[in-house]
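Good morning, everyone. Please bring up the model on your screens, and we will walk through it together.

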Amino acid sequence: MRTTLSSFSLEYNSRGGTRILHFKKGLNKSRKTSGKKSRSCLVYILNNPVEKNACDKAFEYRWNFLQYHSNSHPFSEEMILRRCSADFSRTRSLVIEARNSGHPIRYNFLETWMKKLSVSERLQMCDFIISSYNAIDYKSMVSRFGSLESLKIALESTTGSDYEIGEDLSKENYRHYTTLFKVFRKMGMFGTAGELRFNENVAHKLANQLLKISDATSFEISRYLHFPSPRRTAPPLHTAQDTRGEF
């Protein structure tokens with residue numbers, strides 16, 4: 001994980017012209033020896049988007065990969081190769097080649113090839129990339145709960161207070177990120193791959209504008225724009241200064 005995150009951070013910074021350390025905390029390994037601890041850990045991870053208000057149920061979320069348990073394209077139409085465009089077929093071949101070689105899909109690849117695809121093809125390719133690289137042992141995961149239905153019940157009946165794992169002190173609301181994305185897309189400030197395109201000085205000016213037109217906090221906005229905010233050591237208080245902040 002340390003190697004993966006370091007490589008990601010270096011590539012992100014080289015493209016964005018920044019030297020911000022996106023992953024500053026050390027990584028620890030905690031072996032879960034009992035069935036209860038394993039289940040608690042899995043529920044905590046899989047339910048994280050629900051706790052952060054990104055979705056109502058864990059199985060609705062794309063990026064915890066739950067829906068890929070029994071479906072290779074849960075968020076797109078079925079891929080019918082004979083009907084695919086030449087660009088899609090070529091992109092698919094390159095993904096297969098990279099996967100078989102043990103190489104990641106990098107930003108340059110996405111910028112070069114994904115922009116050639118239609119909206120529906122991009123959704124298909126996203127599902128294809130995830131399915132191609134998916135390394136989750138679903139059989140082992142589900143076996144800890146007895147069945148997939150039992151896992152669903154465990155996820156939907158468990159709240160943050162039930163976890164044995166300490167909660168993150170940052171209580172940002174992921175719904176704000178969806179709002180911020182829509183604002184920037186409407187402003188035309190995304191590149192072909194969907195990432196933000198401006199330097200840190202512009203980001204600070206935009207951040208102050210976002211404070212006025214959204215319910216996001218300064219902490220959430222700084223995370224979304226990828227630049228440091230004042231360090232937070234405790235959950236935010238419900239006051240105007242704490243929830244709104246300034247840059």
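The words have cut-offs: buried means under 20% relative accessible area, exposed means over 50%, and partly exposed lies in between, with a 1.4 Å probe and protein chains only.

Some ground rules. This is a predicted model, where local features need pLDDT of at least 70 and side-chain atom pairs count only at pLDDT 80 or more, while totals for chains, interfaces and linings use all residues. Residues are numbered from 1 along each chain as its sequence is written, and side-chain values use heavy atoms, leaving out hydrogens and water.

Now the overall picture. The protein has twelve helices and zero strands. Helices here are DSSP runs of H or I with at least four residues, strands are runs of E with at least two, and numbering goes from the N terminus. Of the 247 residues in the protein, 33% are buried. Next, contacts, which means heavy atoms within 4.5 Å. Take the contacts in the protein with a separation of 6 or more: residues 24 or more positions apart account for 68% of them.

Back to Phe65. Phe65 sits in the loop between α3 and α4. Its phi is near 65°, a positive value in a residue other than glycine. Why point that out? Most residues other than glycine have a negative phi. Asn53 also has a positive phi, about 65°, and is not a glycine. Asn53 lies in the loop between α3 (48-51) and α4. Asn53 counts as partly exposed, because its relative accessibility is 32%.

On to the aromatic rings. How many aromatic pairs does a search of the whole structure find? The search finds four. Rings of Phe, Tyr and Trp (its six-membered ring) pair if their centres lie within 6.5 Å; planes under 30 degrees apart are stacked, over 60 edge-to-face, and the rest tilted.

One of these pairs is Tyr68 with Phe75. That pair is tilted, at 6.2 Å centre to centre and 45° between the planes. Tyr68 is buried, with a relative accessible area of 5%. Phe75 is partly exposed, at 25%. Another pair is Tyr177 with Tyr224, and this one is stacked: 6.1 Å centre to centre, 15° between the planes. The Tyr177 and Tyr224 pair links distant parts of the chain. Tyr177 is in helix α9 (residues 175-186), Tyr224 is in helix α11 (residues 218-225), and they are 47 residues apart. Both Tyr177 and Tyr224 are buried. And here Phe65 returns: Phe65, Tyr68 and Phe75 form one aromatic cluster.

How do α9 and α11 pack? Their axes are 11 Å apart, at an angle of about 55°. Axes are lines fitted to C-alpha atoms, for helices over the stretch in contact, and angles run from 0 to 180 degrees between N-to-C directions. α9 and α11 are therefore oblique to each other. The scale is this: under 35 degrees is roughly parallel, over 145 roughly antiparallel, 65 to 115 roughly perpendicular, and the rest oblique. The crossing of α9 and α11 is right-handed. From α9, the contact uses His176, Tyr177, Leu180, Phe181 and Phe184; from α11, Glu220, Ile221, Arg223, Tyr224 and Leu225.

Helix α4 (residues 86-100) and helix α6 (residues 119-133) have axes that come within 10 Å and cross at roughly 15°. That makes α4 roughly parallel to α6. The crossing of α4 and α6 is right-handed. Residues in the contact include Phe88, Arg92 and Val95 of α4, and Met125, Phe128 and Ile129 of α6.

Last stop: Arg92, in helix α4. Arg92 counts as partly exposed, because its relative accessibility is 22%. Which residues does Arg92 touch, leaving aside its neighbours within four places in sequence? Arg92 is in contact with Met79, Leu81, Met125 and Phe128. Finally, the C-alpha atoms of Arg92 and Trp113 are 9.8 Å apart, and the two residues are 21 residues apart along the chain.

Conventions
Left-handed = near helix turned anticlockwise from the far one by under 90°.
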